[in-house]
Amino acid sequence: MGSEEVTKKKEVFDSAAASAVVSELRGSFSAGKTRSYKWRVAQLKSMFKMLDEHEPEIVAALRDDIAKPEFEGSLYEVGMLKGSIRLALKELKNWMAPEKAKTKITTFPSSAEIVSEPLGVVLIISAWNYPFLLSLDPVVGAIAAGNALVLKPSEIAPASSSLLAKLVGEYMDSSCIRVVEGAVAATSSLLEQKWDKIFYTGNARVARIVMAAAAKHLTPVVLELGGKSPVVVDSDINLQVATRRIIMGKWGCNNGQACISPDYVVTTKDYAPKLVDSLKCELEKFFGEKQLESKDLSRIVNSNHFTRLSNMLDDEKVSGKIVHGGERDKSNLRIAPTILLDVPRDSLIMSEEIFGPLLPILTVDKIEDSFDIINAGSKPLAAYLFTNNKMLKQQFVAMVSAGGVVVNDTTLHLAVSTLPFGGVQESGMGSYHGKFSFDAFSHKKAVLYRSFAGDAPLRYPPYTQGKLMLLKAVMSGSLIGIIRALLGFRKA
């Protein structure tokens, strides 16, 4: 087949093509191909080998798509994926093993267990900002749980999407695992199909479309979204350490283009000048005087997002609030790390997720007032607090609802595989990472085992008051009640 024919075939991914892919995958799943421990391990090992052998190409694709530094691509995409695979390989037998469950006297004699079974054929739609991590990390969970799947990478990161399709086609079992490239039409065609689960990473607008499509088939969904993740900075802290950690969470993670990136800071009016000075100082240490030209910062992904971010800066309510940065290079899609102080809460920059290198700072009289600001908006994917005050930590955890909370750092909860990663309300639903990924793509099947012995006539008609009294006592678990019922039953 010539290259022109291949290109043409790629372009024509319509509903019929989507239906054919799903039908083939469902055939493989129904044949039991994905269920065995051996198949799951083989696919996970193949993925690890794929990452190991092609890390330079992956890093290069990330550079092409978003000018992502090698440090970030190698560590935060390839490295974290390898960690997920290692964990899955190590724990898979334990995850797959039935979990014993206690039974009650009402079913005596009996035993029970919870069996994790694969859902079937699942759809994973990933995002452009971490195109390998956010594509393949859910795939690790789907494979570990024994599913067949389609992965739809984001067309906004074309080099990464193309490389993913190529490598997955070469290394993975194509009868059970497929990558579908394309734009909105391809995604729409996929969403028309019946899936056993849809896992979507992206924004709330598209999430509503995904959820509406899923509802037509009563398909469950996991939605990994975002929101305005706040950072509350108290005054009784190690300011340099806090500042560095805020910078790494904001600009060191894809130049602010990350779902858990700090979106805005809240601190007291008295402490704000010190915080701003510290941020300026550490930013210069990290990225130099000409931060617009730093090779350690990703560029903005495309002109649409560049314009969106520029509109935030040009808003007349905030244009005079810039205390650091603000430089832009439209031709190279670069915006320097930018800090804005005392921005109005009704400004454009505070009305939507920023998803870029702009960091507004809000000031309050008392640090506890920050809770009201956070809780007045939608629940964020993450919330961060810097303090040494034990009571403030407890209040923050208790009163601020977010997908995850980190105290005295930012974004690091993402790397803890024993913690679920996911949002709440508009920042998402469902969670993954570690065993939570396995569980996200598994059905927990309840199984009760009984023998033919111990068959109690009490449960069968004809019904009597004596039987009712005794069964009520048994169901209540009261030994005295059972004795009384037995005595009463005998008298009857």
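Which residues have the most contacts inside the largest nonpolar core? In this predicted model, they are M47, F132, L136, I143, I198 and V233, and the core to which they belong has 100 residues.

**The chain as a whole**

- Along its principal axes, the C-alpha trace of the chain spans about 90 × 70 × 40 Å.
- The chain exposes about 23100 Å², and carbon and sulfur atoms supply 56% of that area.
- Among the contacts between residues at least 6 apart in sequence, 71% join residues that are at least 24 apart.

**The nonpolar cores**

- Of the 100 residues in the largest nonpolar core, the largest share, 8 residues, comes from helix α6, which covers residues 133-144.
- A second, separate core has 29 residues, including I300, I335, I354 and I367.
- V233, one of the residues with the most contacts inside the largest core, is in contact with I246, V265, V266, T267, Y271, L275, I367 and F386, when its neighbours within four places in sequence are left aside.

**Helix α11 and its surroundings**

- Helix α11 is made of the 16 residues 272-287, which at 1.5 Å a residue should span 22 Å, and this agrees with the 22 Å that separates its end C-alpha atoms.
- The buried residues of α11 are A272, L275, V276, S278, L279, E282, L283 and F287. Seen down the helix axis, these buried residues fall within an arc of 165°, so they line one face of α11.
- As background to that pattern, an α-helix has 3.6 residues a turn, so residues three or four places apart point the same way.
- The cover over the buried residues of α11 includes the helix α10 (239-250) together with the strands β8 (230-233), β9 (264-268), β10 (322-324), β13 (338-341) and β14 (358-364).
- E282, which is found in α11, has a relative accessible area of 2% and is therefore buried. Its side chain is joined to that of R244 by a polar contact of 2.9 Å, and beyond the residues up to four places away in sequence E282 touches Q240, T243, R244 and I247.
- Just after α11, G288 takes a positive phi of about 85°.

**Helix α8**

- In helix α8, which covers residues 184-191, the buried residues are A186, T187, S189, L190 and L191.
- These buried residues of α8 pack against α2 (15-30), β3 (121-125), β4 (148-152), β6 (197-201) and α9 (204-215).

- H324 has its place in strand β10, and because its relative accessibility is 16%, below the 20% cut-off, H324 counts as buried.
- The side chain of H324 makes a polar contact of 3.1 Å with the side chain of Q291. Not counting residues up to four places away in sequence, H324 touches K280, L283, Q291, P337, T338 and I339.
- K68 lies in the loop between α4 (55-66) and α5 (70-96), where its relative accessibility of 1% means that it counts as buried.
- The side chains of K68 and E77 make a polar contact at 2.6 Å. Apart from its neighbours within four places in sequence, K68 is in contact with L62, R63, G73, E77, N129, Y130, N254 and S298.

**Backbone features in loops**

- Most residues other than glycine have a negative phi, and most peptide bonds are trans.
- A cis peptide bond with omega of about -10° joins F108 and P109, and P109 lies in the loop between β1 (99-101) and β2 (110-118).
- The peptide bond from P461 to P462 is also cis, with omega near 0°, and P462 is found in the loop between β18 (442-450) and α16 (465-476).
- N255, in the loop between α10 and β9, is not a glycine and yet has a positive phi near 55°; N255 is buried, with a relative accessible area of 1%.
- H433 likewise has a positive phi, of about 95°, although it is not a glycine. Its place is in the loop between β17 (428-429) and α15 (435-440), and H433 is buried, with a relative accessible area of 7%.

Conventions. Residues are numbered from 1 along each chain as its sequence is written. This is a predicted model: local features need pLDDT of at least 70, side-chain atom pairs count only at pLDDT 80 or more; totals for chains, interfaces and linings use all residues. Side-chain values use heavy atoms; hydrogens and water are left out. Helices (H or I, at least four residues) and strands (E, at least two) are DSSP runs, numbered from the N terminus. The expected span of a helix is 1.5 Å times one less than its number of residues. Buried means under 20% relative accessible area, exposed over 50%, partly exposed in between (1.4 Å probe, protein chains only). The arc is that of the directions from the helix axis to the C-beta atoms. Contact means heavy atoms within 4.5 Å. A nonpolar core is a set of buried Ala, Val, Leu, Ile, Met, Phe, Trp, Tyr and Cys residues joined through side-chain atoms within 4.5 Å. Accessible areas come from the Shrake-Rupley method with a 1.4 Å probe; for residues, only the protein chains shown count as cover. A polar contact is a pair of N or O atoms within 3.5 Å; within protein, one must be able to donate a hydrogen and the other to accept it, and residues adjacent in sequence count only if both atoms are side-chain atoms.
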